[in-house]
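Here are my notes for anyone opening this structure for the first time. Have the model on screen and follow along point by point.

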Amino acid sequence: MPELPEVETTVAGLRSVLEGRALLRVEPRRADLRFPIPVDLRQRLTGATVTGLSRRAKYGLIETDRGDMMIFHLGMSGRWRIDPAEIGAHDHLLIETREGRLLSLNDPRRFGSVDLVRADAWSQYSPFTRMGPEPLGPDFDADRLAAALAGKATSIKAALLDQRIVAGLGNIYVCEALNMAGIAPTRAAGKIGRARLVLLVEAIRSVLTAAITAGGSTLRDYARPDGELGYFSKQWRVYGREGESCPCGGVVRRRIDGGRSTFYCAKCQK
DNA sequence: CCCAAGTCCTGGTAGC
DNA sequence: TGCTACCAGGACTTGG
């Protein structure tokens, strides 16, 4: 389920259970997800106390008082379950706190990952080394986006999905932001004018912030034993709405780019 | 059969 | 021809 807003709200949910808490039990239930789970993960985390949780792009970061940091990614279908009633085939990592709270990383497709690094070297973790700025952070603005897109012949949609350009966007929010900014997804990334990039930056920030707010409001559901942290799909302007009306009155179209659906409105996105 | 929110890797091509 | 950069597309997996 995860693009940046979903990971942000997931981390917030985990924080309420884990921050400042000692880990009584850490139990991988299989050897790998997308890649192997470190064999010493159980040993290094068991008995440690969680000192902080944070997020980088679509990755969640959990730091302990032993100087370790667990880094997880939810892939396409991953989620954390809190106090699940029962453990199923797709519950791949269990974490129990000393207070008796149980967390389970559940991921049917196993495109997610779990890794462990030294906290003081977290920024050297390979997925992070060439990653672009946080879209909600101070290093993302029209100037820097223009510099990152300069000379790029690829489409703006593909460019925004490239985590080296800006980190944390996925298919849904790229479609939404391009619609909000009135930019056609097929437009060459390097040929978008300055004024439109200003609108695009604002649209990206706006759509992510709204999704985080909506996600935060569903945390109660998320904390339910079988609850899910959903995308706020009722608020999507174009994603998953082929044939329906765009806010501008046009009709939402769908096309396939690189095997992925792109939802857009030809009337207002140029 | 179709479709699905993730990243990584490969192979083709353009340009120097 | 060889090297590099860039880019498009496929692979991975399970379930609805």
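The points below go from the overall layout to single residues.

1. Ground rules first. This is a predicted model, in which local features need pLDDT of at least 70 and side-chain atom pairs count only at pLDDT 80 or more, while totals for chains, interfaces and linings use all residues. Residues are numbered from 1 along each chain as its sequence is written, chains are lettered from A and ligands numbered from 1 in the order in which they are written, and side-chain values use heavy atoms, with hydrogens and water left out.

2. Layout. Chain A splits into domain 1 (4–129) and domain 2 (142–265), with bounds that come from an automatic or database domain assignment. Between the C-alpha centres of domain 1 and domain 2 there are 27 Å.

3. Record annotations. An unreviewed UniProt entry puts "domain: Formamidopyrimidine-DNA glycosylase catalytic" at residues 2–112, and its "domain: FPG-type" annotation, also unreviewed, covers residues 237–270. UniProt positions are in the numbering used here, feature names are shortened, and annotations may be inferred rather than shown by experiment. Residues 2–112 are 18% helix and 37% strand, with end C-alpha atoms 10 Å apart. For residues 237–270 the figures are 0% helix and 35% strand, and the end C-alpha atoms lie 16 Å apart. Helices (H or I, at least four residues) and strands (E, at least two) are DSSP runs, numbered from the N terminus.

4. A strand to look at. In β5 (residues 79–82), Arg79 and Arg81 point one way, Trp80 and Ile82 point the other way, and all are buried. Buried means under 20% relative accessible area, exposed over 50%, and partly exposed in between (1.4 Å probe, protein chains only). β5 runs antiparallel to β7 (residues 102–106), and four bridges join them; strands pair if DSSP finds at least two bridges between them. Trp80 has Leu105 of β7 as its bridge partner.

5. Salt bridges. How many salt bridges are there by this rule? The count is 19, where a salt bridge is a side-chain nitrogen of Lys or Arg within 4 Å of a carboxyl oxygen of Asp or Glu. Glu8, Arg55, Arg56 and Glu134 form a linked network of them.

6. One pair across the chain. Glu99 and Arg21 meet in a salt bridge at 3.9 Å, N to O. They sit 78 residues apart, Glu99 in the loop between β6 (91–97) and β7, and Arg21 in the loop between α1 (4–18) and β1 (23–28). Glu99 is partly exposed at 46% relative accessible area, and Arg21 is partly exposed at 29%.

7. Arg118 and Asp68 form a salt bridge, their closest N and O atoms being 3.0 Å apart. Arg118 belongs to β8 (residues 113–118) and Asp68 to β4 (residues 68–73), 50 residues apart.

8. The DNA side. Residues around DNA strand C include Arg34, His90, Arg109, Lys152, Thr154 and Gly258; a residue is near a strand if one of its heavy atoms lies within 4 Å of it. What share of the atoms of DNA strand C within 4 Å of the protein is sugar and phosphate? Sugar and phosphate make up 69% of them.

9. Polar contacts to the DNA. Arg109 instead has a polar side-chain atom 2.6 Å from a base oxygen of DNA strand C.

10. A covered helix. Ten of the eleven residues of α6 (residues 171–181) are buried, among them Tyr173, Cys175 and Glu176. Gly182 follows α6 with a positive phi, near 70°.

11. Most residues other than glycine have a negative phi. Ala57, not a glycine, has a positive phi of about 55°; Ala57 lies in the loop between β2 (50–56) and β3 (59–64) and is buried at 0% relative accessibility. Asp83, also not a glycine, has a positive phi of about 50° and sits in the loop between β5 and β6. Asp83 also makes a salt bridge with Arg101 (2.7 Å, N to O).

Key: A polar contact is a pair of N or O atoms within 3.5 Å; within protein, one must be able to donate a hydrogen and the other to accept it, and residues adjacent in sequence count only if both atoms are side-chain atoms.
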